[in-house]
Amino acid sequence: MEAPSSPSSIITAAPDYSETSQRLAKLIAEAMTCGFALLHYDSASKSMIEWCWPTDGDGKKILPSGLEKYHDEYNFRYPCCICADGGGRGAYVEAAVYPWWNKSTKKTDWTTRCASDRCGYQVKIDMYFQLSSLATTRYPRRGMSLLAEVPHFH
């Protein structure tokens, strides 16, 4: 007669978290070192994509110091941090955007980083604001339908 098997007698391999960690570390490094575009996480493609800087009605980029006010008034989100990985297609975890006084340069640096300090996403955004090739878009005002911004003729 054979001894009964139990679930505890079955040896299973632990999940390989190192592969996921390496992939996420690569994405963070890509965002921090990209010199031509401000990158953020896209859960649909599981990759870093270009984030579009907001513009005003005249097509001028909103200053980093004006992003919080723009965020309150317009339907746009700060860059998505890598915490959205594993959240499913369309998952979006908004990073924080804030000023940081740099004692050595005696000026304010603007940064976007993981709001919960979990994934390691962090990018200085000042340099991107200066780029003429930076992707930009005008976002709709909060509370307005997309049709509300289109002129209506009677």
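Reader: Let's begin inside. Which residues touch the most other members of the largest nonpolar core?
Author: Leu38, Met48, Trp53, Leu67, Ile82 and Tyr121 do, in a core of 36 residues. Keep in mind that this is a predicted model.
Reader: Which helix gives the most to this core?
Author: Helix 1 does, with four residues. Helix 1 (17-33), strand 1 (39-42), helix 2 (67-73) and helix 3 (126-130) each supply at least two residues.
Reader: Why would such residues gather in one place?
Author: In soluble globular proteins, nonpolar side chains tend to be buried together.
Reader: Take Ile82. What does isoleucine 82 touch, not counting residues up to four places away in sequence?
Author: Its partners are Leu24, Leu27, Ile28, Tyr41, Met48, Cys119 and Tyr121.
Reader: Stepping back, how many helices and strands does the protein chain have?
Author: Three helices and seven strands. Their order along the sequence is α-β-β-β-α-β-β-β-α-β.
Reader: And what share of the residues is buried?
Author: Of the 154 residues, 32% count as buried. The chain exposes about 10400 Å², and carbon and sulfur atoms supply 56% of that area.
Reader: What share of the contacts with a separation of 6 or more is between residues 24 or more positions apart?
Author: Those pairs account for 50%.
Reader: Different spot. Where does phenylalanine 76 lie?
Author: Phenylalanine 76 is in the loop between helix 2 and strand 4 (96-102).
Reader: Is phenylalanine 76 buried or exposed?
Author: Phenylalanine 76 counts as buried, because its relative accessibility is 2% and the cut-off for buried is under 20%.
Reader: What is around it?
Author: Leaving out residues up to four places away in sequence, phenylalanine 76 touches Trp51, Pro54, Leu67, Tyr70, His71, Glu94, Tyr139 and Arg142. The C-alpha atom of phenylalanine 76 is also 7.8 Å from that of proline 140, although 64 residues separate the two along the chain.
Reader: On to the strands. In which sense do strand 4 and strand 5 pair, parallel or antiparallel?
Author: Antiparallel, over seven bridges; strand 5 covers residues 107-113. Alanine 96 stands opposite arginine 113 of strand 5.
Reader: How many residues lie between the strands in that hairpin?
Author: Four, and lysine 106 takes a positive phi near 60° in this hairpin.
Reader: How many bridges join strand 5 to strand 6?
Author: Three, with the two strands running antiparallel; strand 6 is residues 122-124. Here threonine 111 is opposite lysine 124 of strand 6.

Key
Residues are numbered from 1 along each chain as its sequence is written. This is a predicted model: local features need pLDDT of at least 70, side-chain atom pairs count only at pLDDT 80 or more; totals for chains, interfaces and linings use all residues. Side-chain values use heavy atoms; hydrogens and water are left out. Buried means under 20% relative accessible area, exposed over 50%, partly exposed in between (1.4 Å probe, protein chains only). Contact means heavy atoms within 4.5 Å. Accessible areas come from the Shrake-Rupley method with a 1.4 Å probe; for residues, only the protein chains shown count as cover. A nonpolar core is a set of buried Ala, Val, Leu, Ile, Met, Phe, Trp, Tyr and Cys residues joined through side-chain atoms within 4.5 Å. Two strands pair if DSSP finds at least two bridges between them.
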